[in-house]
Amino acid sequence: MADVLEAAVRLIVIFAAFLTLPLLVGQLEHKVMAHMQARVGPMYAGGFHGWAQLVADGVKFAQKEDVVPDAADRTIYRLAPALALIPYFVALVAIPVGPGLVGQDLEAGVFFVLAVMGVGVIGTLMAGWASANKYSLLGAVRQVSQLMAYELPFVLAAASVAMAAGSLGFAEIVDAWEPWWLVWQLPAAIVFFVAGLAELNRPPFDMPVADAEIIFGPYTEYTGLRFALFLLAEYVGIVLLCFLTAVLFLGGWHGPFSDSWVWTLAKAGALSFVVVWLRVSYPRLRADQLQKLAWQLLIPVALLQLLLTGVVMVAW
Amino acid sequence: MSRSSGRGSGLFKGLGITLSTMTRRSITQQYPDVKPELPPRSRGVIALLEENCTSCMLCARECPDWCIYIDSHKEVIPAPEEGGRERSRNVLDRFAIDFSLCMYCGICIDVCPFDALFWSPEFEYAEFDIRNMTHEKDRLGQWMHTVPAPPALDAHAAESKELQAVRKKAESPPVAPPTTDGTSE
């Protein structure tokens with residue numbers, strides 16, 4: 001009975017984080033992007049500097065009509081947002097924030113999270129296919145080709161740090177982590193972060209939803225709450241990527257003065273700022289540039305990093 | 001970008017620009033909450049001083065897009081004394097400017113010989129229907145109080161003709177009072 005209760009409490013806490021952290025990142029994006037463009041961003045909702053803007057957006061989305069196109073494959077069309085969102089929630093369960101502060105400590109946590117994150121793209125593909133809209137389909141195909149290219153460096157970079165720690169568990173990796181890994185695993189960290197951004201369709205890798213070319217890609221036909229779920233999935237993805245990078249490459253809860261979950265949150269927060277910063281600074285990559293970046297730069301770098309990690313491990 | 005700065009340096013330059021922009025104050029004007037600081041003599045709307053208008057129609061005829069509507073009638077003023085001549089004057093019935101046509105060139109204001117039209121800095125007169133953009137003389141008159149005072153003359157400039165005339169009148173000895181009741185002014 002106590003086990004069930006404890007599991008329930010953990011799940012509720014994670015669910016709360018799952019609903020609030022993406023909103024924080026979204027608000028951060030609103031404000032940071034605005035100020036980087038010499039604007040002020042939302043100022044009205046909630047009174048103080050528009051802090052409730054995303055709540056207001058959510059209310060607006062909930063009020064909208066849920067339209068399903070006539071020619072759409074109704075079941076799949078309706079199912080797609082859930083399939084895009086739920087994998088991220090499942091992945092969040094395995095991410096540790098502090099020592100012992102984790103939904104479920106898995107022995108092969110890295111493997112589990114990377115595998116589950118890859119499922120999310122099926123939701124997008126389903127959305128694009130079922131919408132009966134050529135732009136949606138084009139976007140979905142772009143999304144899948146992008147995932148094919150970036151999943152490999154993503155996994156290779158994670159494999160490097162797992163090899164260095166000699167474990168696939170997050171807690172073990174963080175325990176084995178030492179500050180000089182920041183230099184040793186730097187190429188892997190960069191490859192991991194960039195490939196993660198590309199998997200999440202974040203600008204400058206947002207070609208699948210390029211609004212100037214294909215409206216909003218796979219999400220073109222979606223309205224109301226289902227559309228909001230797709231947006232939520234994107235921001236949960238950012239939260240997840242930032243936590244993953246912080247835990248795998250930046251030492252998680254290790255920090256000056258004392259080890260604490262605060263450090264994990266701070267590192268993830270700083271990384272989400274970087275996500276927004278990159279979005280504001282760079283224009284969208286073309287299809288061929290995307291593929292070139294993945295196959296000609298990220299994968300070789302990830303492989304070399306793997307080699308370097310192996311050599312250091314054997315020689316140590 | 002020059003080639004000498006090396007490949008990929010633009011990536012960092014871009015990041016630097018966005019970051020430095022973020023640290024500076026944003027240029028947004030919070031308009032409805034904070035009124036804009038318009039320069040003096042901003043040209044917002046055209047105000048009418050009805051008392052000065054003689055219905056001479058010069059403004060309406062000079063207007064490039066014919067957005068000024070003037071109706072008037074003549075009124076006969078009886079002769080002030082026996083055997084005198086009757087005089088007639090124009091009475092303004094309607095003076096309206098259609099601000100959906102007006103292009104704010106200000107020619108009407110320049111051309112008015114009697115100083116009846118003025119630029120006012122007031123600009124908040126948007127309407128939901130384009131037909132409501134035609135403002136009649138009472139509305140145009142309400143904007144008169146927003147018209148700024150004319151710019152001061154230079155320190156050693158000659159006095160204006162009007163002031164000279166008034167001063168002359170005040171300083172000269174009073175003439176004999178009028179014998180009849182003043183029906184004319």
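Author: Ala, Val, Leu, Ile, Met, Phe, Trp, Tyr, Cys and Pro count here as nonpolar, Asp, Glu, Lys and Arg as charged, and the others, Gly among them, as polar. The model is predicted.

Reader: How many nonpolar residues are in the lining of the second largest pocket?

Author: The second largest pocket has a volume of about 960 Å³. Its lining is made up of 42 residues, and Phe230(A), Leu231(A), Leu232(A), Glu234(A) and Tyr235(A) are the closest to its centre. By class, 8 lining residues are polar and 9 are charged, and the nonpolar ones number 25.

Reader: Which element gives the largest share of the lining of the second largest pocket?

Author: Helices 1, 2, 3, 4, 5 and 10 of chain A each give two or more residues to this lining. The largest share is 9 residues, and it comes from helix 10 of chain A.

Reader: How many residues of helix 10 of chain A are buried?

Author: Helix 10 of chain A has 26 residues and spans 38 Å from first C-alpha to last, close to the 38 Å expected. Buried means under 20% relative accessible area. By that cut-off helix 10 of chain A is mostly covered, and its buried residues number 23.

Reader: Which element of chain B gives two or more residues to the lining of the largest pocket?

Author: The largest pocket has a volume of about 1300 Å³. Among the residues closest to its centre are Val194(A), Tyr282(A) and Leu11(B). Chain A contributes helix 8, helix 11 and helix 12 to the lining, and the element from chain B is helix 1 (9-23).

Notes:
Residues numbered from 1 in each chain as written. Chains lettered and ligands numbered in written order. Predicted model: local features only at pLDDT ≥ 70, side-chain atom pairs only at ≥ 80, totals over all residues. Heavy atoms only, no water. 1 Å grid on protein atoms, 1.4 Å probe; cavity = no way out; pocket = protein on both sides within 12 Å on 5 of 7 lines; lining within 4 Å. Points joined across faces, edges and corners; volume = space filled by probe spheres on them. Helix = DSSP H or I, 4+ residues; strand = E, 2+ residues; numbered from the N terminus. Expected span 1.5 Å × (residues − 1). Buried < 20%, exposed > 50% of the residue type's maximum accessible area, 1.4 Å probe, protein only.
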